[in-house]
Amino acid sequence: MTELMDSPTAEVASATDEKYHGLTRAEIDQLGAELDALRLRIIADLGETDAEYLRKVVKAQRSFEIAGRALFYLPVIGWLPAVAALSVSKILDNMEIGHNVMHGQYDWMGDPNYNSRMFDWDTMAPAENWKYGHNYMHHTYTNVVGKDRDVGYGILRMDPEQKWNPYYLGNPLWAFLLMTFFEWGVALHDLETEEVFAGRRKMFGGENAPIWRRIRKKMGKQVLKDYVLFPALTGPLFLSTLAGNAVANLVRNIWTFNIIFCGHFPAGVASFSVEETENETRGQWYLRQMLGSANITGGKLMHVMSGNLSHQIEHHLFPDIPARRYPEMAVEVQEMCERYGLPYNKGPLHKQLFSVFAKIVRLSFPGGAQKEAPVRGPQAVTDDSLAA
Amino acid sequence: MSALISEPAAVPTRPRRSRAGGGPLGMVLRSRLVTALASPHGVDSYLERFNPMWAAHDVRARIVSVHRETEGDAPVATLTLQPTSTWRGHRAGQHVLVGVEMPGSAKRFTRAFSISSAASGRGEQFTLTIRAHDEGQVSSYLVRSAQPGQILHLSQAQGEFTLVESPATPTISRLLFITGGSGITPAMSMVRTLLRDGYDGHAGRKVTFLHFARSAEDQIFADELAEIAAADNGVDVHLRHGDQVFSEFELRRLVPDYKETDTWLCGPPGLVELVKAAYGDSTRLRMEFFKPAVARAAQPGEEVEGDISFTRSGKTVAASGASLLEQAEELGLKPEFGCRMGICFSCTRTKTAGTVRNILTGEESALPDEEVRICVTAAAGDCHIDL
């Protein structure tokens with residue numbers, strides 16, 4: 001899948017009349033070419049401002065972290081500011097820095113500190129495991145039910161194509177637990193437990209052995225740091241620091257869970273079958289990324305704190321381009337969506353969250369509406385609608 | 001001196017971590033407790049916030065001074081560096097990887113340069129003597145634009161092209177250095193070390209220094225070499241300029257039993273080929289190339305058959321035995337690269353399928369989805385590179 005080269009010409013002839021999610025083959029190719037051109041233009045422009053931005057964010061994150069760790073020494077009145085600073089530190093570390101650096105967005109800088117092969121983040125999931133499941137599996141097979149393991153994370157029913165069973169009555173509860181223990185869930189996600197339960201994989205042996213070893217090691221380090229050493233260093237305030245660190249981790253868990261769930265699960269986001277994405281062209285891959293993602297609208301703070309995953313559509317089109325470029329790219333992507341009659345799924349956080357929540361509840365019961373993006377197609381676009 | 005390559009390839013792939021030392025503060029900063037607290041980013045990423053010269057593991061240096069050695073089209077400059085206390089020192093003849101953030105692009109480029117000063121200890125200053133090559137943007141930048149105060153990123157010293165014998169335990173064996181152009185730097189480090197540490201040539205061990213430069217104006221360290229030649233120290237200096245190329249006849253006249261003499265050779269490929277031919281299968285010759293000028297062919301007697309597919313760009317080329325990087329560039333592709341000698345990992349790419357050979361080690365590998373450094377990897381049959 002995601003063949004970057006064109007399929008044989010015979011196939012093209014038969015495919016020209018056939019529409020794929022509302023667009024003809026030629027239209028999809030044209031769209032792909034436009035997105036490629038945008039991509040090249042931005043890559044050619046990467047430079048000092050991007051590097052400076054990243055260093056500035058890292059500097060801010062380190063400062064919040066140092067401040068957070070230090071404020072725990074201030075009994076009672078220091079606690080809340082300490083938790084707040086540490087929460088911000090962890091959110092910045094995981095989203096605008098970690099997620100994006102580990103995508104290789106800053107590999108071009110040649111700085112080992114920001115190289116996707118070297119970086120690790122302040123959360124339970126070891127970088128190496130996560131990069132495989134996320135950069136490769138999720139970003140290649142986005143929203144392909146049965147291939148993208150981020151559709152329901154192996155524990156939720158987030159798509160009507162997932163066969164219902166009584167376990168899914170607990171969908172809202174499972175989602176709540178996943179949110180609360182999100183960093184643990186993300187780390188264990190790479191063990192592919194649904195494959196284990198299907199009997200195709202060993203839980204801790206075989207191909208899971210090195211994955212599990214890395215998880216244990218990383219969890220050990222994180223637990224030692226946040227729940228033993230830093231609390232111990234504050235002496236008599238041990239329990240207060242321990243609780244503060246736990247709350248900071250919880251705040252980060254809730255925030256990242258919500259941002260991520262708004263990326264692919266609001267109403268109107270399409271899902272795909274394995275069959276229809278076989279022999280996919282580059283244009284079709286682009287189209288799938290557009291139809292399979294949703295954005296969150298908001299101010300600058302919203303974008304920074306979400307690691308610009310508030311621009312999930314742009315992120316999925318250009319996962320390796322520095323995320324700070326997504327807002328400017330979004331203007332052009334949105335314009336393309338207009339022209340091709342494609343939906344551009346965006347909304348404020350509360351609206352997207354409510355939509356996700358409704359879906360979690362609805363899909364805890366059998367059935368559920370097909371996930372089909374409301375594509376109008378370029379034919380439906382008139383000069384009037386473009387002008388509007 | 002530009003990119004260096006040791007033979008046999010014994011270059012450590014990663015700088016090893018500093019051990020205890022550098023004072024009690026260093027010991028605390030490198031302790032398991034501090035490492036655990038600073039996980040996963042490492043203590044250096046916090047220290048750096050306060051002062052770029054504070055480090056527990058990383059090695060950085062501040063440029064103390066820049067001294068122009070020669071002018072002309074390809075000028076040479078000597079940079080004096082004050083390293084962080086994590087610098088473990090160097091043995092004469094070693095080189096160091098230097099990472100420079102190039103202004104305008106924000107990109108860090110990493111290149112190897114040999115150290116020209118006498119052997120250094122932990123945290124001690126040392127010098128790099130660099131020629132500004134036209135095609136070398138890093139060397140050009142360091143020679144022409146680097147300013148005192150600027151911070152460079154370093155590796156620990158590396159390389160096995162070193163002076164083995166210590167001047168404290170002299171033997172009667174003679175030493176011979178044959179160098180060309182900026183290849184003089186590692187040999188200069190060795191001679192400076194010998195003279196600094198009390199070598200006076202009176203223990204019966206003579207040193208012969210034979211150097212080739214393009215012209216008298218292009219001669220690096222001219223004054224110092226003249227002083228060394230004039231002093232009563234047992235060091236013979238022979239400088240050859242312009243058209244005077246290396247000849248075995250002349251070498252035999254200077255050092256009749258050169259094949260039985262420990263020899264250090266460093267210079268451009270033309271000189272290296274001539275000297276290698278003169279030494280035949282003598283094991284006394286140690287050498288360090290700079291800039292492997294030509295693509296190295298596959299192992300002698302082996303024909304490479306197969307196609308290289310650069311899958312991302314959709315281009316294909318018949319394998320020639322040259323490095324994947326060079327073959328990609330012949331097709332007009334512009335893959336990222338750094339040292340072009342297999343030590344900085346800048347050009348690492350995924351080989352998704354097929355068999356490749358490591359040019360440095362001759363090792364063949366057919367593992368799928370393997371990260372390879374394309375500058376030192378050649379196809380050994382059909383292969384697919386994610387490029």
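**Ground rules.** I am working with a predicted model, where local features need pLDDT of at least 70, side-chain atom pairs count only at pLDDT 80 or more, and totals for chains, interfaces and linings use all residues. Residues are numbered from 1 along each chain as its sequence is written, with chains lettered from A and ligands numbered from 1 in the order written.

**Overall.** I found 16 helices and two strands in chain A (DSSP runs numbered from the N terminus: H or I of at least four residues, E of at least two). The radius of gyration is 22 Å, close to the 21 Å from the globule rule for 388 residues, so chain A is as compact as a globular protein of that length (C-alpha atoms; the rule is 2.2 Å times the number of residues to the power 0.38). I get 43% of the residues as buried (20 or more other C-beta atoms within 10 Å of a residue's own, C-beta placed from the backbone).

**Helix α5.** I looked up residues 127-140 of chain A next. Ala127(A), Asn129(A), Trp130(A), His134(A) and His138(A) are buried there. They fall within an arc of 155 degrees seen down the axis, so they line one face of α5(A) (directions run from the helix axis to the C-beta atoms).

**α2 against α14.** I see the axes of α2(A) and α14(A) come within 11 Å and cross at roughly 170 degrees (lines fitted to C-alpha atoms over the stretch in contact; angles from 0 to 180 degrees between N-to-C directions). The pair is therefore roughly antiparallel (over 145 degrees). Residues meeting here include Leu31(A) and Leu38(A) from α2(A), and Met329(A) and Met336(A) from α14(A) (contact: C-beta atoms, placed from the backbone, within 7 Å).

Definitions and conventions. Buried ≥ 20, exposed ≤ 12 C-beta atoms within 10 Å, placed from the backbone. Expected span 1.5 Å × (residues − 1). Parallel < 35°, antiparallel > 145°, perpendicular 65-115°, else oblique. Contact = placed C-beta atoms within 7 Å.
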